[in-house]
Every structure is written in C-alpha cells, then in structure tokens.
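Have the structure open as you read.

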Amino acid sequence: MEKFVCVRTFLGLLLLAVVAIAQVPFEMIGQINALTFSAGNALKGGTMTLDGIKITIPDNALVTLPAITVSWQELSAPGAMPGFGAPGVTWAATVQGNIVSVGGTPTYVAGLIFIAQNPGQVLQGTIASINPATGHFTVAAANGPIDCILNDPTGFYTGIPYTDAPLWTVDPNNPSIHAQSGFPMCVPTSQNAATCPPNNRPVVGGVPVTKITFGAPPVAAGQPDPMFMVPLAVGDFISFTGTWVGGLLTVNSLTANLGLYTAPGTKPAYVNCEGAAFGIASATGVVEVAETRAVAFVTDPSTTLQWFAIDVNPCDGTTTERNIQLLQPSQVAPLGRAVYRMGKTLVSPATAQVGFRLSTGTITTGNNLTAGQFIQPIFDFIFPELLNFGDAMIPLNLPAITFLAQGSGPYIPGNPLAAPPATCLRVGQLTPWPGAAAPAPANCPNPCTLPVAGGAAPGPAPSPSPVAADTILSASGVLSQARGVITLTVNAQVNNALSTLSVSVQGPSPIASQVMIKGTTVAGGVTNWSLAISIKGNKPTGITVTSSGGAPPVSKAVA
C-alpha cells in the first residue's frame with residue numbers, strides 16, 4: 001500500500017510538472033548571443049539565444065525595430081546588424097512568449113520580438129557643428145564631440161542618403177526627427193535647401209529662434225512656411241537615439257527642444273506620439289490588467305486629436321480604423337500635450353499600430369508628408385500580472401493579439417531599400433504557435449495578391465448622395481471626471497439613417513464641430529450617434545448638434 005501511495009504521489013508530481021511546462025509565460029530582456037535562420041522563404045523563422053537561453057522564432061514572426069517592422073529573415077542579410085559578434089559590440093532584444101512542452105522538453109517560443117543595439121539608449125546634448133556638404137553633425141561632450149548622421153536611406157531629412165544600415169532607419173512618413181511639439185525637423189545641407197528652407201529658422205541677434213508660431217498658409221515670400229520642415233541649428237539641445245556603425249552614431253530618432261506651433265484651426269498641423277501601450281486582457285486568473293494609454297503632442301492645441309487602433313485584414317492586409325478616444329490637447333503648459341488614459345476600459349483586440357489624427361484633417365506638405373496624423377508602432381504590450389503570489393503562472397494571452405493569431409496579409413519588406421517581392425507571401429499565424437494549442441487560423445479563400453505600388457491615380461471625388469430633410473430627435477451631453485480628466489459624452493438621435501451628425505462644444509475652451517460616431521439604426525431609420533471627448537481644464541457648458549440633412553441645430557446645456 002505504501003508503494004502504491006508513493007507511486008501515485010510520484011505520478012501526481014510528474015503530472016504537475018508536465019502541466020507546469022505545458023504553457024508558462026516569459027518576458028525577457030537581454031543581450032543577443034546568437035541568431036539562426038531556417039532555410040526557405042522570407043517568412044521562415046529560426047532561433048535566438050538571449051543571454052544563454054535559446055528561443056524558437058516561429059515562421060511568420062515579424063520583428064519590431066526602432067522605426068520599421070521586418071521579417072526574421074531580413075536580419076540575415078550581411079551587415080544587417082552592424083558589428084554583431086564583433087568585440088565590444090552588443091545587440092539586445094525584448095522577447096515575450098510562452099514556454100511550451102515539445103516532446104517533453106520546455107521550449108521557449110517567441111510571440112513578440114523587439115530588437116535594437118541599445119533599447120534603453122537616450123542621449124542628450126547640444127549640436128556643436130553641422131557639415132552641410134556631408135550631413136554629419138556633432139554633439140558636444142566632455143570627452144570630445146560625438147560624430148552623428150541621420151540614418152536616412154532615402155535622404156528625406158538631409159538630401160544626402162545614408163545607406164550603410166537601412167534597417168535602423170529614421171521614419172520619413174511619421175517624422176522621427178522633430179521638435180517637441182511634433183513639427184518635423186531637418187539637417188540643412190547643400191542638397192535640401194528647397195525642402196529645408198533657411199527662412200524656416202529665423203535668426204535674431206545672431207541666434208536661431210527657438211519658438212515660432214507659424215502663420216496660416218499661404219505665407220508671404222520669405223516668411224516661415226509651415227508646409228516645410230524646420231532646419232536644426234548649432235546650439236539646439238536635442239535628445240537622440242541611434243545605432244553605432246563603427247565610430248559613427250547613425251541617428252534614427254531626434255527630438256529638439258523647440259516650441260514650434262501652427263496657426264489655430266489651420267492646415268498643416270503636426271502630430272507626434274511620445275509612446276503608446278496596450279494593456280492585454282486576461283483569459284483567466286486573479287490578475288491585474290494594465291491600462292491602455294498613450295501620450296501625443298500637437299502643433300495646434302485648439303483642435304481635438306483622435307486616437308484610433310488600426311485593424312488589419314489577415315488575408316489581404318487592408319486596414320480599418322477603430323476609434324479609441326477623442327481628446328482635447330492641453331491648452332496650457334505643456335502646450336499641445338494629449339494624455340490618453342483608458343483606466344479599466346479594455347481596448348481589444350490589440351493592434352500592431354495605432355494612429356492619431358487631428359480633427360481638422362490632413363494635408364500633403366511640400367515635403368510630401370501627410371500632416372495632421374501620425375502612425376505609431378506599439379512597443380509595449382503589457383500582459384496581466386498575478387495578484388496572489390504563488391499562484392500558477394498564467395500564460396501570455398497571445399491569441400488576443402490578432403496579428404499573431406491570424407496574420408497580417410501580404411508581406412512587404414521593411415527595409416526601405418529592398419525591392420518589392422516578386423511573388424506574394426501571406427503573413428499567417430505564428431508556426432509553431434507559442435502556446436499549448438494554436439487558435440483557429442484565418443480562412444483566406446482568395447490567393448495572396450500583392451498591393452499595387454502607389455495604387456491607381458485618384459479620380460474626382462464622387463458627389464455626395466442627397467440627404468432627405470431630417471429631424472434631430474434628441475441630444476444630450478453628460479460630464480464625468482476621473483484622474484483630473486473631464487469626459488463629455490454626447491448622445492443624439494436623428495430620424496434619417498443617411499444623415500451625419502456633428503457636435504460643437506461651448507464653454508471656456510470651445511471645441512469646433514466634430515463628426516460623431518454612428519451607432520445602431522432602428523425602426524423608421526432612427527439612428528443613434530455618440531461621441532466622447534476628454535478635456536483637461538474647465539468644464540464645458542453646452543453642446544450644439546447639427547445634421548448633414550439640414551435639420552435645425554439642437555443646443556443643450558451639459559449635465
């Protein structure tokens with residue numbers, strides 16, 4: 001009997017051990033010791049050794065770098081990671097995944113991967129010199145100037161392409177070289193006077209100005225023009241990050257301590273995201289779920305800023321915007337800052353990227369930037385934490401992240417200098433799946449088709465369909481407050497499903513007309529519309545709802 005009990009106890013412990021390694025989470029940051037790449041197409045995986053721990057990189061895994069996202073195989077190109085393996089050169093990664101049992105062996109399988117030479121790097125200093133012939137600039141330091149150049153493979157910010165390390169590039173579409181307010185900056189060289197005009201940085205008393213409020217375009221000849229970037233200058237204090245290539249720091253992100261703003265309610269206006277994080281829902285257990293949050297800056301604080309998630313069709317890669325929150329940026333110091341705090345409200349599913357757009361809309365600038373919006377990759381996916389220490393660890397809820405579980409459509413290389421792929425590869429579910437059981441993959445009935453570069457030339461905008469006369473049936477505005485942020489929730493009804501409702505806000509800090517979000521339509525075409533606007537400062541006093549169908553406006557005091 002004692003033998004039986006002992007055997008049964010041993011089997012029970014063995015069973016617990018097997019369960020324990022069936023699916024256990026890991027979130028690790030460390031130095032990369034080695035990388036391997038599986039043979040096959042551009043979406044094959046491999047392995048990474050992180051401070052001695054070997055991690056399986058699944059097929060279809062995409063890697064987030066400081067400014068772009070690449071396939072695992074793109075890291076295999078010669079020189080892709082400058083100096084990797086050389087004495088004194090380190091590269092680091094953040095990896096989130098689950099430890100799963102493969103043939104009884106605990107195996108680390110990655111879900112989310114972030115790589116940089118030094119992910120914690122934030123350098124600061126004053127620009128000591130700028131070489132207009134080469135685009136190099138130096139930053140003053142006690143032990144000698146730091147030799148820098150923008151890692152600008154297309155020459156967007158300098159007019160002089162730097163192509164030695166293209167994976168660690170700047171972002172030319174969502175300016176990563178900018179003033180604190182988000183206004184795009186450039187390095188003045190002999191090749192970019194037209195797009196980096198000297199007139200955009202007036203000099204007073206021999207010193208370049210550090211504060212500008214641009215007039216509305218078109219501006220008079222010789223005046224600062226918000227349609228173009230602003231040149232950096234000797235004496236500017238900057239915060240910057242980059243990748244060392246030998247003794248040269250190739251900069252991918254730079255923020256200048258300059259107060260650059262645009263005229264209220266006009267275009268262009270610029271947006272920059274300082275950071276965004278997704279709190280991931282918990283599938284089980286007694287846990288603390290992190291808050292979804294973001295911080296952005298704008299050059300026009302008089303205009304509301306929408307934060308939205310970008311959902312991606314796993315079959316064809318088309319995107320759909322999903323509203324998260326509309327916010328009035330700060331109209332006092334720090335001017336133009338927008339802080340989004342979702343509290344206990346889950347924003348699900350999590351997306352690889354989010355966007356920010358000013359309510360005044362977008363415009364293409366003289367630098368071919370889309371001003372008025374900013375697309376930000378998510379670098380922080382925060383998974384639930386145990387509240388009861390000693391409880392069984394809860395696996396990372398990776399199925400809640402649809403681009404891992406379903407894929408993200410046709411593969412487009414992240415390398416800005418890479419040629420488009422000759423054949424279409426669809427980014428599918430991670431294989432092997434970093435969990436005990438893989439979720440159902442996406443069902444894509446049509447063959448993979450590459451998007452057309454640039455798309456077809458746009459035709460004339462269609463004439464809007466006429467909307468029959470309508471009536472706004474109801475409107476209300478209700479205030480709530482949490483953590484010092486006032487939220488105005490507006491609800492309205494109209495008796496025509498084709499109508500579009502908008503709302504303006506009255507009070508100490510009035511808000512111009514904003515299109516509301518369409519809700520359900522019920523019998524008789526009665527349609528619900530709503531909008532939540534977060535405001536810091538004085539409480540609004542009233543709202544006015546208008547309709548595209550011509551109904552008389554409805555004004556209400558807020559409750």
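Let's start with the backbone. Pro334 sits in the loop between strand 24 (319-327) and strand 25 (337-341); strands here are DSSP runs of E, at least two residues long, numbered from the N terminus. The peptide bond that joins Ala333 to Pro334 is cis, with omega about -5°.

There's also a cis bond from Ser348 to Pro349, where omega is near 0°. Pro349 belongs to the loop between strand 25 and strand 26 (353-358).

## Ground rules

This is a predicted model, where local features need pLDDT of at least 70 and side-chain atom pairs count only at pLDDT 80 or more, while totals for chains, interfaces and linings use all residues. Residues are numbered from 1 along each chain as its sequence is written, and side-chain values use heavy atoms, with hydrogens and water left out.

## Two asparagines with positive phi

Asn60 has phi near 75°, a positive value in a residue other than glycine. You'll find Asn60 in the loop between strand 3 (53-57) and strand 4 (62-64). Is Asn60 buried or exposed? With a relative accessible area of 14%, Asn60 is buried (buried is under 20% relative accessible area, exposed over 50%, partly exposed in between, using a 1.4 Å probe and protein chains only).

Asn368 also has a positive phi, near 65°, and isn't a glycine either. Its loop runs between strand 27 (363-364) and strand 28 (370-371). Asn368 is exposed, at 63% relative accessible area.

## The nonpolar cores

The largest nonpolar core has 64 residues, and Met48, Ile115, Phe356 and Phe381 have the most contacts inside it. The largest share of this core, 5 residues, comes from strand 7 (residues 105-116). Apart from it lies another core of 32 residues, including Val170, Cys186, Phe240 and Leu260.

By core we mean a set of buried Ala, Val, Leu, Ile, Met, Phe, Trp, Tyr and Cys residues joined through side-chain atoms within 4.5 Å.

## Ser534 and its partners

Ser534 is part of strand 39 (residues 527-535) and counts as buried, at 1% relative accessibility. Its side chain makes a polar contact with the side chain of Gln325 at 2.6 Å, and another, at 3.5 Å, with that of Thr487. A polar contact is a pair of N or O atoms within 3.5 Å; within protein, one must be able to donate a hydrogen and the other to accept it, and residues adjacent in sequence count only if both atoms are side-chain atoms.

Leaving aside neighbours within four places in sequence, Ser534 is in contact (heavy atoms within 4.5 Å) with residues including Leu326, Leu327, Val485 and Ile486.

Definitions and conventions. Helix = DSSP H or I, 4+ residues; strand = E, 2+ residues; numbered from the N terminus.
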